[in-house]
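Please work through the following exercises with the sequence and the structure in view.

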Amino acid sequence: MNRQWKLYTNYREVMDDYGEVFMSDRDGSNEVYHGSPSTLHFRVNSSRPEVFDIVTTVLSDMHNWVELPSDLGLKTTWNLLWTWSRPRVDYDKLLSWQRVNHYPCARHLTRKDLLARAIQRFQGLCERGKHEGYFDITPETFLLPQDYAKLVQAFRRKIGQRNLWILKPASSSRGRGITVVDSLEDVTYDQLVVAQSYIPRPMCLGGHKFDLRLYVLVTSFNPLEAWLYDEGFARVATRPFSSDDVSDKFVHLTNASIQRQSIASRTLRRYGAVLARFSREIIIPQKHGVDVGQEVGRPRRVFFGGLG
């Protein structure tokens with residue numbers, strides 16, 4: 001009952017705000033707002049102009065969405081709040097028609113170390129029984145510095161074969177600080193690092209490493225409801241895969257921010273030739289690298305980008 005009363009109180013505050021929006025000006029002749037009672041409002045809180053431009057452009061092209069006016073003294077009358085970082089809102093006070101683009105504790109998925117811990121925890125829960133092996137989805141993983149001794153043991157078990165490990169800073173993005181090593185002497189860190197056994201023979205596209213980003217919209221956590229988008233994003237390395245040179249980021253990393261630096265070199269023409277050999281399975285990227293491709297025998301469409 002207390003929760004319902006709190007929601008009702010918030011509801012009244014929102015309705016009062018809307019009432020202020022639709023009030024006429026002092027002489028009663030002109031409305032200060034030209035929307036309608038059914039108009040949906042969005043607010044973008046981001047210091048990044050590209051984020052504001054993208055969200056505003058997409059929603060403005062959709063029916064009945066307008067940006068929440070910023071000069072009418074409105075507070076919480078938005079239907080959608082889009083922020084770059086974690087929004088400063090009380091999730092318990094969100095009303096049924098309000099949405100934000102972040103959910104609580106998202107860092108447990110976005111930080112590499114927290115995600116690794118979560119996967120290891122579920123692997124332990126599913127060691128036996130009908131769910132055995134469900135979470136065996138990552139290579140052997142260690143968190144440094146606390147797991148350094150375990151990493152040394154795992155490294156020594158593979159003596160006599162090519163021993164490759166990839167080191168990733170836990171909280172970095174866009175490929176920053178990632179290295180591939182084949183010797184314990186090269187394992188260095190000045191921050192929390194996730195170390196994983198490097199897959200020696202990855203799946204390649206025409207001999208080039210690639211990864212797929214598939215997007216999921218989670219509309220409810222209790223009960224859990226999620227939707228998988230038909231479209232995704234693929235990132236392709238601009239140099240053919242080889243484990244001979246572990247320092248070549250254009251071979252081992254598919255991050256667009258890394259591969260973009262290789263565009264001016266001759267590897268771009270070689271990359272185009274690789275995709276041309278797959279012309280029956282995908283559509284070759286156009287000028288901006290965002291054309292939709294179609295995989296043979298599968299309904300899923302993927303975007304090939306990160307090149308321009």
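**Exercise 1: a charged pair and its surroundings**

Task: describe the salt bridge between R117 and D113, and state where the two residues lie.

Solution: The side chains of R117 and D113 meet in a salt bridge, with 3.6 Å from N to O, where a salt bridge is defined as a side-chain nitrogen of Lys or Arg within 4 Å of a carboxyl oxygen of Asp or Glu. This is a predicted model, in which local features need pLDDT of at least 70 and side-chain atom pairs count only at pLDDT 80 or more, while totals for chains, interfaces and linings use all residues. Residues are numbered from 1 along each chain as its sequence is written, and side-chain values use heavy atoms, with hydrogens and water left out.

Helices are DSSP runs of H or I with at least four residues, strands are runs of E with at least two, and both are numbered from the N terminus.

The last step is to ask how accessible each partner is, with buried meaning under 20% relative accessible area, exposed over 50%, and partly exposed in between (1.4 Å probe, protein chains only). D113 is buried at 2%, whereas R117 is partly exposed at 34%. The pair also belongs to a network of salt bridges that links R111, D113 and R117.

**Exercise 2: other salt bridges**

Task: find how many salt bridges the structure holds, and examine the pairs R48 with E50 and E127 with R128.

Solution: The structure holds eight salt bridges. In the pair of R48 and E50, the closest N and O atoms are 3.7 Å apart; R48 is partly exposed at 31% relative accessible area, and E50 is partly exposed at 41%. In the pair of E127 and R128, the closest N and O atoms are 3.9 Å apart; here E127 is partly exposed at 48%, while R128 is exposed at 69%.

**Exercise 3: the two sides of a helix**

Task: determine which residues of helix α2 are buried, and what they pack against.

Solution: Begin with the length of helix α2 (residues 49-60), whose twelve residues reach 16 Å from the first C-alpha to the last, close to the 16 Å expected at 1.5 Å a residue; the expected span is 1.5 Å times one less than the number of residues. Within α2, the buried residues are V51, V55, T56 and L59. They lie on the same side of α2, because they cover an arc of only 115° around the axis, the arc being that of the directions from the helix axis to the C-beta atoms. These buried residues pack against β1 (40-45), β2 (65-67) and β3 (80-83), contact meaning heavy atoms within 4.5 Å. The face of α2 turned away from the buried side carries the exposed residues P49 and I54.

**Exercise 4: a threonine in a loop**

Task: locate T254, and say whether T254 is buried or exposed.

Solution: T254 sits in the loop between α6 (249-252) and α7 (256-259), and T254 is buried, with a relative accessible area of 8%. Leaving aside residues up to four places away in sequence, T254 touches K209, F210, D211, R235, A237 and Q259.
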